[in-house]
Every structure is written in structure tokens, then in C-alpha cells.
Amino acid sequence: MLLVRQLFGSSSNSWVRALIIFVLAWAVLVYVFVLKLTNTQAQAGGGGAAGAGGGAQGLSLTTGDNEFNARRINQALQLLEHTKQRNEELKMLIDELMSEQLDKQSAMKLIQRLENDAQNPKLPMGGDSNVDDTLFEMVPADSDMANQGLYRLGGFEESKLSSELHGQPGVEPSLEYELTRRRVQTNIAEIWNYFSSELGKIRKSLASGGNLNANSNLNAELEESIQQVLLQGAEHKRSLLSDMDQLRRVDGYEAWRHKEANDLSDLVQRRLHHLQNPSDCDNARKLVCKLNKGCGYGCQLHHVVYCFIVAYATERTLILKSRGWRYHKGGWEEVFRPVSNSCHDAGTANAYNWPGKPNTQVLVLPIIDSLMPRPPYLPLAVPEDLAPRLKRLHGDPIVWWVGQFLKYLLRPQTSTRDFLNSGMRNLGWERPIVGVHVRRTDKVGTEAAFHGIEEYMTHVEDYYRTLEINGTSVVRRIFLASDDARVIEEARKKYPQYQIIGDAEVARMAAVSTRYTDTALNGIILDIHLLSMSDYLVCTFSSQVCRVAYEIMQTMYPDAAYRFKSLDDIYYYGGQNPHNRRAVIAHKPRSHDDLQLKVGDLVSVAGNHWDGNSKGKNTRTNQGGLFPSFKVVDKVETAKLPVYAGV
């Protein structure tokens with residue numbers, strides 16, 4: 001066995017290793033067979049001699065011996081069957097060894113099995129051979145992310161062992177394949193947005209003019225026909241999206257996606273830990289960030305993430321000033337783990353305001369809206385060294401990048417973790433589930449429009465119908481979070497066919513008058529936690545709470561970029577640099593509201609109207625207007641940042 005171990009330590013002579021394994025296993029099995037057969041013959045011979053000297057008694061013994069021999073022969077035949085199956089298994093192994101696709105850990109499993117078989121040969125007694133079929137399964141994926149934080153990779157369908165995922169170790173998709181697959185998925189949604197919007201306009205026009213028109217009966221028939229087209233079109237759209245999801249699962253690359261997501265997250269978390277725990281805190285370069293920005297919890301989280309990004313880019317340890325926090329006077333560290341284990345204050349060195357000088361040891365950062373000059377690494381930029389991997393892995397790299405900072409920051413204290421676990425149990429939270437966030441109170445009429453619960457539930461219904469497109473049936477469940485308690489009661493009355501999970505008391509505490517209290521803080525932390533853990537998110541991206549939940553969601557799946565429906569804005573980061581998309585299909589204006597696009601033009605995007613069209617400005621012509629959403633693709637912005645060599 002020592003020789004076999006040495007051979008497995010080398011990547012050469014794979015046929016020699018295969019041959020040795022085959023011969024060893026075959027020799028063990030033949031030896032067992034011969035030994036058992038010899039014993040059987042010896043026992044049969046003894047029984048015959050006794051029978052010759054014993055008359056009628058010998059006849060009785062011979063009959064018993066025949067039965068015994070029959071059992072032994074049956075056992076021998078079972079052993080041969082077991083040997084045949086093991087032989088087929090070894091052939092499979094040799095094929096993998098010759099193609100060099102068997103990883104070292106699987107090889108070591110083989111050695112252990114051979115050693116066990118040699119020391120403890122088994123003779124199957126039943127009809128089943130009990131062959132261990134785990135040899136060719138993939139090594140289980142490590143879903144326990146670094147730092148043991150609150151958020152780990154794995155969702156309703158994705159929290160599986162690697163052995164249950166399609167793909168072989170080392171088999172990777174091309175960048176072009178992943179970009180094309182995601183573009184097809186996006187365009188399915190966009191073409192449905194366009195046709196449903198246009199047909200809806202026609203139907204509405206017919207309905208409004210029907211009573212005044214002499215052909216009102218014809219209009220009613222047309223209206224009904226349009227309705228049927230919309231219903232069938234929606235089903236067709238769901239079928240296509242379901243097919244795209246199935247393609248992702250079976251294309252052979254899902255194991256790679258999980259591993260790559262784990263590896264990338266682990267790399268970033270190690271870099272952040274290294275940055276935040278310098279060997280010499282007194283002399284370390286530091287960046288001071290004041291938590292108490294004059295805004296709500298989601299806004300303050302984004303403020304800290306912005307500070308952390310600047311700290312990462314400038315290789316400065318982040319010092320978070322949180323005493324007297326308006327949500328919790330004791331500060332950040334009483335709710336979440338400290339951002340550093342060893343460096344908690346700015347020290348005695350003089351502190352200077354941004355941008356300071358190259359030799360400034362302690363730098364104080366203003367809010368992002370007041371930052372001048374503005375560096376190129378602010379959102380929506382991602383690190384240049386990670387960009388090639390992120391472009392292939394994720395549908396929206398900047399959301400993944402922001403999610404990694406939240407993952408590090410939101411590592412809960414024990415009391416916070418216990419509260420979250422208790423909250424989930426008390427609410428009866430389980431999957432499958434759609435997270436719905438309805439923002440009302442101070443947001444409506446100032447930063448966002450009013451959206452009725454019916455509009456949210458339309459997309460919830462669409463999600464569940466897509467899940468059930470192939471005839472399966474699931475419990476329709478939503479987690480409903482709001483800053484207006486009346487929304488939860490309204491939803492329960494209007495949609496009794498849904499299990500609606502929500503806490504009206506948390507919603508009441510989220511009102512403006514009671515928002516900045518410990519109880520309200522616990523409520524908003526629980527809301528965001530449960531929204532982020534949902535399988536799908538329906539909300540308004542004008543809300544920071546919704547965007548934070550979406551960002552955290554990215555830490556739980558290889559790519560959760562499409563697990564949302566926003567009723568208003570596209571994703572954005574407050575204070576971000578321009579969001580650019582590149583034209584891949586030329587566009588001639590259909591009206592004076594349209595942009596003219598040439599292939600390669602950069603469009604600074606202002607938003608998506610969710611009707612097949614987006615709004616933006618052509619940076620080449622400086623013209624603003626509408627353009628078909630499917631004619632552009634996102635331009636991933638990158639910035640040259642430290643690579644933290646050796647981490």
C-alpha cells in the first residue's frame with residue numbers, strides 16, 4: 001500500500017497506477033473465492049467419509065451436507081457477481097485515471113477501500129451486493145464560508161453537496177458561454193416586458209372607447225383575444241425562464257460555479273481580515289469613518305461600506321466611530337462584531353481630512369456626496385484583479401462586491417445571532433419563500449411613488465407559477481416586511497391562499513416616530529436578514545433596505561443577480577459613478593423621444609421603464625432619451641486596486 005500511495009502522489013504513469021489497483025483488487029477477490037471454495041470441498045469430503053462408515057446415519061449426514069454445499073455454492077455465485085460489479089467499477093476508474101480526471105482525494109478514498117477489502121474481505125449474503133457507489137461522487141462543496149459569519153453560500157436549491165451538482169472538478173465554462181446564457185435570460189424578460197406593455201395599452205384603449213364605438217362588440221372580442229394572448233404569452237415566458245434555469249443546472253458547470261463563488265469570497269474575506277488586523281496598530285495607516293450619517297439604517301450601512309471600500313483601496317485599516325449611534329447608543333460593537341480584533345482607535349497621530357497627503361497616517365472620510373476629489377474605485381467599479389473572474393461568475397459584479405463588505409461587517413454578536421434565530425423560529429420562516437418589502441411612510445411622495453400590494457403580489461404569483469410550470473405544487477409562502485403595519489393585515493385579507501409571514505409590531509416600530517430605538521433596530525436587522533435569505537425578492541430599489549437585502553443575497557448563491565423584481569428603479573449605489581452600458585445593436589429612433597445608437601456607443605443609464613425600454617444619455621452624442629433595453633449590455637467598470645500579495 002505504501003507503493004500505491006507513492007504512485008498516487010505523482011501525476012505521471014496513470015496506467016501503471018490503474019493496473020496495480022486492478023491487479024490488487026482482483027487478487028484479493030480471487031484469493032477469497034479460492035479459499036471459500038477449498039473450505040467447502042474439504043467439508044464435503046469429511047462428510048462423505050463419515051457417511052460411508054455410518055449406514056443410514058451417513059445417508060442423513062450426506063443429505064445435510066448437500067444442503068450445506070448448495071448454500072456455499074450460492075454464496076460463491078454471489079461472490080462472483082460481486083466481483084463482476086467491482087470489475088465494472090474498476091474499469092470506470094481506469095477510464096478516469098487515463099483521462100486524468102480523478103482528483104487526488106478520490107484516489108485516496110480508493111486506497112482506503114482497497115486496504116479495507118484486503119484486511120476485511122466481505123462475502124455478500126443477500127441478493128444485494130452493497131457496492132459502495134460513493135467513489136465517483138464529487139468532493140462535497142465547502143459551503144461554510146470563511147469567518148463563520150451570518151451569511152453563507154447556499155439557498156433553497158443551491159444548498160447542496162457538490163456531489164449533487166452537475167459537473168466535474170476542473171471543468172469550467174467560457175466567458176462567452178456565461179455571458180450569452182445570462183443575456184438570453186435577460187432578453188426573455190425584456191421581450192415579455194415589451195409585448196405585455198404594448199398589448200396592455202391596446203387593451204386599455206379598446207376598453208375605454210368600447211361604449212362609444214358602434215363596433216363595441218368587436219372591441220370586446222378584441223379585448224378578450226388580447227387577454228388570451230397575454231395569458232398564453234406569460235405562460236410561455238415562464239416556460240422559457242424555467243428552461244434557462246434547468247440549463248444552468250445541467251450544463252456541467254454548476255459545480256464550478258459553486259467552487260468559484262466560494263473561492264472568490266474566501267479570498268476577499270481573507271484580504272479584509274488582513275487589512276483590519278495590522279501587526280502594528282500604532283503605526284498602521286488608518287481611515288476614520290463616522291457611523292452617524294443623518295439617514296436610516298440601510299443608508300448608514302451603505303455609508304460604512306463606502307468607507308470600507310476606500311479603506312481597501314488605500315490600504316488603510318478602517319476605524320469605525322460608532323459611540324452614540326442613533327440606533328444603539330452603545331455602538332456598533334454591541335450589535336455586530338468589531339471591524340477589527342486588534343486596532344480599535346485612531347491613536348495619537350494627527351488626523352487630516354480627505355484627501356490628505358501620501359504620508360498622512362490618519363485620514364478622516366466625509367460622506368460620499370461630499371467626497372472631492374472622487375477616486376475611480378468608487379461604486380460601480382470592481383477590482384481589476386478580480387474582474388475577469390467576476391464577469392464570468394456573476395450577472396452584476398458590483399452587487400457581489402458590495403455584498404462581500406456587508407458579509408464581513410454584519411458578523412453578529414452572539415446575542416444578535418440568537419435573536420435572529422429566535423425570530424425565524426417564532427415566525428415559522430421556511431422555504432420556499434418570496435421576500436416582499438413594501439416601503440411607505442416618509443418614502444412615498446418624496447423619493448418614491450406609491451405601489452399597492454396588488455402590484456407586488458402580481459410578481460409573487462408569477463414567481464410561483466414559474467416554479468410550478470412543470471406540474472409540481474409548492475406551498476405559496478411570502479415574508480412581508482414593511483414600515484406600515486396595515487400592509488401586513490391587508491395582504492392577509494386579500495390573499496388568504498398564501499402563507500403570509502410578517503410581524504406587525506416590527507412594522508409599527510419602523511415608523512418614523514419610533515425608528516431610532518433598540519427595538520426598531522432589532523426589527524430592521526431581522527427584516528433585512530429574512531429578506532436576504534428569501535428565494536426571490538419583490539420590492540422597490542428606491543429603498544436602501546431592499547438594496548441591502550439584495551446585496552447580502554449575493555453572498556448566499558453563486559449568482560443571485562436575477563432573483564429580484566423591482567417595481568421602480570434599477571439597482572444603484574448612492575453616490576455612485578456613472579452607470580454605463582454599451583450598445584451591441586444599432587438603434588434608429590422611432591420617435592423624437594428615442595436615442596440613436598451605434599454599435600459600441602456608451603450609454604449612461606438613468607433607469608429601466610420595465611416596458612422593454614430604458615432611459616439614458618448617449619455619451620457620444622450627449623443626447624438623452626429612450627432606447628430598447630435589449631440593445632445594450634452592462635459595461636463592468638474596473639479600477640486598479642491593491643492585490644494584497646501573500647494573503
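The following legends describe close-up views of a predicted model.

In this predicted model, local features need pLDDT of at least 70 and side-chain atom pairs count only at pLDDT 80 or more, while totals for chains, interfaces and linings use all residues. Residues are numbered from 1 along each chain as its sequence is written, and side-chain values use heavy atoms, with hydrogens and water left out.

**View 1. The protein as a whole.** The secondary structure comprises 16 helices and 16 strands; helices (H or I, at least four residues) and strands (E, at least two) are DSSP runs numbered from the N terminus. Of the 647 residues, 47% are buried, where buried means under 20% relative accessible area, exposed over 50%, and partly exposed in between (1.4 Å probe, protein chains only). The protein exposes about 31,300 Å², and carbon and sulfur atoms supply 53% of this area. Accessible areas come from the Shrake-Rupley method with a 1.4 Å probe, and for residues only the protein chains shown count as cover. Among contacts (heavy atoms within 4.5 Å) between residues at least 6 apart in sequence, 72% join residues at least 24 apart.

**View 2. The aromatic pair Phe541 and Phe564.** Rings of Phe, Tyr and Trp (its six-membered ring) pair if their centres lie within 6.5 Å; planes under 30 degrees apart count as stacked, over 60 as edge-to-face and the rest as tilted. This rule gives 23 aromatic pairs. The ring centres of Phe541 and Phe564 are 4.8 Å apart with planes at 25°, so this pair is stacked. Phe541 sits in the loop between strand 9 (536-539) and helix 16 (544-553), and Phe564 in strand 10 (residues 564-566), so the pair links distant parts of the chain, 23 residues apart. Phe541 is buried, at a relative accessible area of 0%, and Phe564 is buried at 19%.

**View 3. The aromatic pair Tyr550 and Tyr571.** This pair is tilted, with 6.0 Å from centre to centre and 55° between the planes. Tyr550 belongs to helix 16 and Tyr571 to the loop between strand 10 and strand 11 (580-583), so the pair ties together parts 21 residues apart in sequence. Both Tyr550 and Tyr571 are buried.

**View 4. An aromatic cluster and two charges over rings.** One aromatic cluster is formed by Tyr297, Trp325, Tyr327, Trp332, Phe336 and Tyr516. A charge sits over a ring if NZ of Lys or CZ of Arg is within 6 Å of the ring centre and within 35 degrees of the ring normal. Arg563 lies over the face of Tyr557, 4.0 Å from the ring centre. Lys565 lies over the face of Trp610, 4.3 Å from the ring centre.

View 5. A salt bridge is a side-chain nitrogen of Lys or Arg within 4 Å of a carboxyl oxygen of Asp or Glu, and the structure holds 33 of them. In the salt bridge of Asp245 with Arg249, the closest N and O atoms are 2.7 Å apart. Asp245 is partly exposed at 27% relative accessible area, as is Arg249 at 26%. A network of salt bridges links Glu178, Arg181, Asp245, Arg248, Arg249, Asp251, Glu254 and Arg257. Lys293 is buried at 18% relative accessible area, whereas Asp369 is exposed at 56%.

**View 6. Backbone geometry at Pro373, Leu380, Trp610 and Asn622.** Most residues other than glycine have a negative phi, and most peptide bonds are trans. The peptide bond from Met372 to Pro373 is cis, with omega near -5°, and a cis bond also joins Pro379 and Leu380, with omega about 25°. Trp610, not a glycine, has a positive phi of about 60°; Trp610 is in the loop between strand 12 (602-608) and strand 13 (613-618). Asn622 has a positive phi of about 65° and is exposed at 55% relative accessibility.
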